Structure formats: structure tokens, C-alpha cells
Number of protein chains: 2
Amino acid sequence: MQKKNIFILGSTGSIGLNTLDVIRKFPDHFCVEALTAKSNIELLEEQILEFSPRIVVVKDEKAAKEIQKRIPGKFDLFIGDDGLIEATRVGDYDILLSALVGFAGLKPTIEGIKRGKRIALANKETLVVAGEIITELCNKNNAEILPVDSEHSAIFQCIVGEESKEINKLILTASGGPFFGKSKKELSDVTVEEALKHPNWNMGSKITIDSATMMNKGLEIIEAHWLFNLRKEKIDVLIHPQSIIHSMVEFIDGSIKAQLSLPDMRLPIQYALTYPERFESSFTNTNLAALKELTFFNPDFDKFTCLKLAFDVMEQGGTAPCILNAANEVAVEKFLHGEIKFTDIPELIEKALNNIENHSEPDLETIVECDRLTRDFILE
Amino acid sequence: MQKKNIFILGSTGSIGLNTLDVIRKFPDHFCVEALTAKSNIELLEEQILEFSPRIVVVKDEKAAKEIQKRIPGKFDLFIGDDGLIEATRVGDYDILLSALVGFAGLKPTIEGIKRGKRIALANKETLVVAGEIITELCNKNNAEILPVDSEHSAIFQCIVGEESKEINKLILTASGGPFFGKSKKELSDVTVEEALKHPNWNMGSKITIDSATMMNKGLEIIEAHWLFNLRKEKIDVLIHPQSIIHSMVEFIDGSIKAQLSLPDMRLPIQYALTYPERFESSFTNTNLAALKELTFFNPDFDKFTCLKLAFDVMEQGGTAPCILNAANEVAVEKFLHGEIKFTDIPELIEKALNNIENHSEPDLETIVECDRLTRDFILE
């Protein structure tokens, strides 16, 4: 296998760090074309020194000056959102690891798709808000999306060698988050600190709150809908608190295939980079006898309204998923800043969905506009 | 898909009945070329009337006369062990469903392999006693073996689309049988009735006793060794009392794939007939939330000596697996007839292994002779 150049969109986040850990393990197979960071200049500097990327993207002029002072002139430096887009347009890479948080990941990811690259997709919002556009662009440009989310990677692994017409149902597992055992009433009083304590995964704050509201699973079912081209009726959610089975696929003959391992994001990341091959690694060593039991429960749609809203917007289509996503991003920010209660998150989202017009078959401009409108609506 | 002719070796047993149930569900895809029965003439008559096979094989002259009296002259009738071999040699079939019990299945199965047919293999003894010969014959004649055992079918399904060199380990699950919770001491007093009560599967008496001693799992690891061409170190056994996960495969990157469903033999049988396709059916409908939990334990090799013996003979190779199998068949018969205690089964097998010479790279004659010798040894 020829050495693959990786463009990492979001290298200082949790997925970015795990990706660099995988690349570190296989120096003969992978090298880093680009690193991008928002605010963590110190970490970015360390990463640049270790991986010698050809391209670096930072948030603004101030960060650019800072990084140039620290490591002068060994790479092309791009700045801001436009810089991100430009870098993905001109970079010499084989795989675009798309791991920015939220809506911001959409446009640079589209550049990678337009160039027919492999997209290792961790930024689920890309498919949530613009699934139709992305799917068309992938087909047109012969780009392939490899899922990095553990759930979608599990499904992708389970359908290797199988016919998609023989899939009966996807079963996305969910840990249930930190509030699985709480009553609906108790949810209104939870603190930011409690919401940030995920039982199984160590992730960024936005996705951790999304796990607590189960909006993360909601975004994932919409992502699965586009990745695997399946209708709402063919996508189920199953609570599995141990997060060992990462998801399952039921086939038309009743056979179910599951992918499992101890939770470690390096495994799905590595698979997205090495597919169709698997490389030997020892990130996880799963001993089921030591784990003793795996348990399963149906999700409570009444308690976790976000999950219900996600199923609804998946059916509605158009810009509804974009409204859901934008409203959620702003509401989560507000919750993290102590401005609203935990249970206000789904209420705000529902309000946005009821007040902002849904456009069917939107183009990219319409989506960007809808995203902006929704954010303004929630901020007011 | 063209209609496939199925030759059912052992149509009145548990696997035979389940196979006919699958064929019954897909009359446009499958028809029955041959039915064979040992003693249950009444059931055989019903099956002949329903499925109109071109060939029927019965145990002896008496059974032949009986069946000819009941349904005269609509099929070719073969008699005895030689008749079985002749029928598999001349029959016009696409798939040989090999479901005789024990060593008896070996020779007719070989005839199917020599003709380059698909073998849907339920008779694990074929691979246990003659794995090397069978594997060579399959390669030479371009015959394919599709596993019917739920465990091997699970593994086969998990490696579809994967590279065999990327398999790290097979994890065969075992229910643990009816005596999983008993102490080693308690095992010596169990009755035939207790041993025949399998917690999850409804099967014939020989295989049910094998499940109680865990020799069934022992035979399965040897079968897996040949089917998937993996060394002893790459095959694990895991106790999973619910029998929902039918087996798993761990890959070199640490990812594990599992196949699961409620226990129903029609699922793996159907897959062996329809592979590489899956046909829509509703034999099983697995609801994990309703099942609530799946549990796992390490096997106790000290308590279930048969399992340890099987791992040992797999390593020794030669005729050792044949000795193990023959000794087990006779010992189980003796136990079923109340002649020996449950714990005498592994002791007799161990005695046979210590007293009968192991021949490496045996030909078929040597295997047949070794089988006979071992049976005589145990009977004395």
C-alpha cells in the first residue's frame, strides 16, 4: 500500500487526537498533509513539530501570527473559514478526516467530495443538514464516505460483503447517556457538570451534551439514513448502557450481525483509513467473560424528546434537519453557559421547527441561510 | 435463481425436518431430490408424499418392503450404507444437505464432494475425523462446504467480505448445556433425563448429550479448525447461556463481529441453501430489549474434560480426533442405555486415546479402521 496523505479537519479535538494516534502507529502507511485548529495553539504547535504537515489552518490573524512566531515558515498557513475551504481545495491528500464540530464542517467537507477524495466522516452534521446534496455530490464525483462514528462504522463493517437490498433494519445502539436512569421530572434540574459526565466515552463538550439529551443518537439516525440509504422505518435505536456492541444490522432472513469492542475511537478511525484492509493493532482487547453481561432496553421517546424530534425531521426532510441541528447547536451552547435548563434544549428546538419554514430539496445556499435564520431565532 | 435440487442425508432427524421446513417455504427455489431415513418409516412416508423425491434411501430390506408397500414405484429406492453412497453418487442434485448422525455421514458426504457439489454440512464428524482428506478433496473437486451448525454459520456470516488473513480469533459460543451450574462432583450423579434437557435447543439425543458433556463444542472447535483453516491458538470457546450470539470473529485490528438471533436452526440451514443470497423469511424475530441481557463466562476445562480433550486431539492431529469421536459415540450410547455414568464418558474417551495408536496423515481406510478399533475398544 502506498503511503496515504491525511488532511485532518479539526486536529486538536478528540477525534483529531485519536486520528494522530493511529497515524503515529503506522508511520509507513500514513502521513499528515494538513492540521487545523481553532484555539489550542499550544497543542497545534506540538502536532506540527511531530507530524510536519505541509498545510496548517488556524482560526484568525492573531493565531496565525502566534504560530508563525513559534514555528516559522515550514508550512503553508491558511486562516479562518475561507482558509479551511481553500486548504481542502488545494491540499495534496488522499483522505479527508472531517472532524470539525457542528455546521462548520460542511463546506470544507464538500471541497473534499468535489475532488473525489475518500472522506472519513466524523462530522455528522454534514450529512444531517445536507444529506441529499452530499449524496449527489459523492455520486457525481466518485467520492466515498467512510463513517468514523463508532455506530456507523459498526454498521459499515456488518454490511461488508452483504447486499444492501437484503438489509431489513439498522439497530443503532445508544449508551443512554448519564441520565438514562433519571425520571423525566428529574431531568429539568440536572447541572452542566452532571450532563458532561458520559458513562463510556470521553468526548468534546458539545457531543457529550448531545449524548445526555440523546440528540447525538438523533443526529446519528439521520446520518445513517443518508449513509445507508434507508427509510425511517428501517432504523431502530436500542439502549445498550455498556457501549460494547456499537450497532447491528438485521437482514431479511432474520439474521443479525453486530460489531463490538471496548469503546475506543481509534478502532473506527483506523478502519476508515485502512478500509478495505484491516491493520493489526492492539488499541482494544475485548474480553466478554470479564465484562460478564451486555444489557438492552427500548429508548424512552417521551423522556428523550430530542430523539423523537430527530425521527420526525428525518421523515419531513427538506431543511427540517438543518433547523433541528442549528437550534440544537445554539441551545447546547446556551445550556453550557448556564443560560437555559437542560430540558429547555428540546423545547427550543421544537419552537424553531414550528416557527421556521421548511424548504424541500434545498440547495446549499438555502441550507446556509436556514442555518443562520435558526441560530438568530434561538438567540433571540 | 434456478430451482435447486436438494439431497437430504437424514431427512427424518431434527436438521432434516428443519431443512424441509425451509424448502416448504420456498417452493419456487428448492425441490427435494432425495430423502433418507433410518427407522422412522411413517414420517418418511409423509415426507415422500409431500415432497415427491426422485430417490429414497432406507436402512434395510425390511424397511424397503414396508415403504414400497405404502407408496409403490414412484421413486428409485436404495438400501443401507451402500445404498446411501450409491444414491449420493448417482443422484441429480445441486446441494447435499449432510445431516446423518456421527461417523455414518462421512462416506456419502465424500461422494458429494467428489462430484463438486455444494455441501451443506450439519454432520460435523465428517470434518472432525477426516478434516485433512475432506479439505484436499474439496480443493481438488471445487466443492464448497457451507456450515449448517449455528456456530459455524455465524462465523461464516461474520467473515463474508473479510480477508481470512485478517482474522485474529474465532470465538465459538456455547450455552454451557444443562449442567453449566453444577459442580464437578455433582456431575457424576446426573441422570439421562437431566442430560437430555437442553436449555435452548431441541435436538437429537446424541447431540444433546454431547452438549451436556460439552463434547459438542469440542467437535465444533475441530470442525472450525478445518472449515476456517485456523490453528488451535486462534480458536476460543465462550460460555453464553442464552444462545443468542451464535459465535464471533475477532479481527487483527481488535474489531469483533458477531452473528445473533433467537435459536432456530432454520436460519443457518436457509443461509447454507441460499448463500450468497439471503431470502426473506420470518423464522426468527429477535428483540434484544425483550431479552434484556446477554451473559458470558469462561469455560471450565477442569469440569468439562471433553472440551479439553478436544483441544488436545486438535493439536495432535492424525487419527486422534477419529479416536475421540468414535469413543465418544459409543460412550454416549452406553450412557443413554444406562450402562455407564455421565462422568465415565470423558474417562472412556481418555482411555481410548491413551491406548489406541495415533496415525499421522491417515488415508480414508486408516480412518475407517481406527473408528472400528476404537468402537471395539470401548465396547470391551
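This is a predicted model: local features need pLDDT of at least 70, side-chain atom pairs count only at pLDDT 80 or more; totals for chains, interfaces and linings use all residues.
Student: How does one read the radius of gyration of chain A?

Tutor: The value is set against that of a compact globule, which for 380 residues would be near 21 Å. Chain A has 20 Å, so the two agree. Along the principal axes, the C-alpha atoms of chain A fill a box of roughly 55 × 50 × 40 Å.

Student: What percentage of the residues in chain A is buried?

Tutor: Taking buried as under 20% relative accessible area, the share is 61% of the 380 residues in chain A. Among contacts in chain A with a separation of 6 or more, 68% join residues 24 or more positions apart.

Student: What does the surface of chain A comprise, by area and by atom type?

Tutor: Its accessible surface comes to about 15400 Å², and carbon and sulfur atoms hold 46% of that area. As for charge, chain A carries 42 positive and 59 negative side chains, with the centres of the two sets 3 Å apart.

Student: How is the size of an interface given?

Tutor: Often as the accessible area lost when the parts come together. Here, chain A and chain B bury about 3500 Å² between them, with 52% of it on carbon and sulfur atoms. On the chain B side, Asp253(B), Arg278(B) and Phe296(B) lose the most area to chain A, together 20% of what that side buries.

Student: How many residues does each chain bring to the contact?

Tutor: Chain A supplies 40 residues, and chain B supplies 40 residues.

Note on methods:
Residues are numbered from 1 along each chain as its sequence is written. Chains are lettered from A and ligands numbered from 1 in the order in which they are written. Side-chain values use heavy atoms; hydrogens and water are left out. The radius of gyration is taken over C-alpha atoms; the globule rule is 2.2 Å times the number of residues to the power 0.38. Buried means under 20% relative accessible area, exposed over 50%, partly exposed in between (1.4 Å probe, protein chains only). Contact means heavy atoms within 4.5 Å. Accessible areas come from the Shrake-Rupley method with a 1.4 Å probe; for residues, only the protein chains shown count as cover. Lys and Arg count as positive and Asp and Glu as negative; His and the chain ends are not counted. The place of a charge is taken as NZ of Lys, CZ of Arg, CG of Asp or CD of Glu. Buried area is the accessible area (1.4 Å probe) that two parts lose on being put together, summed over both.
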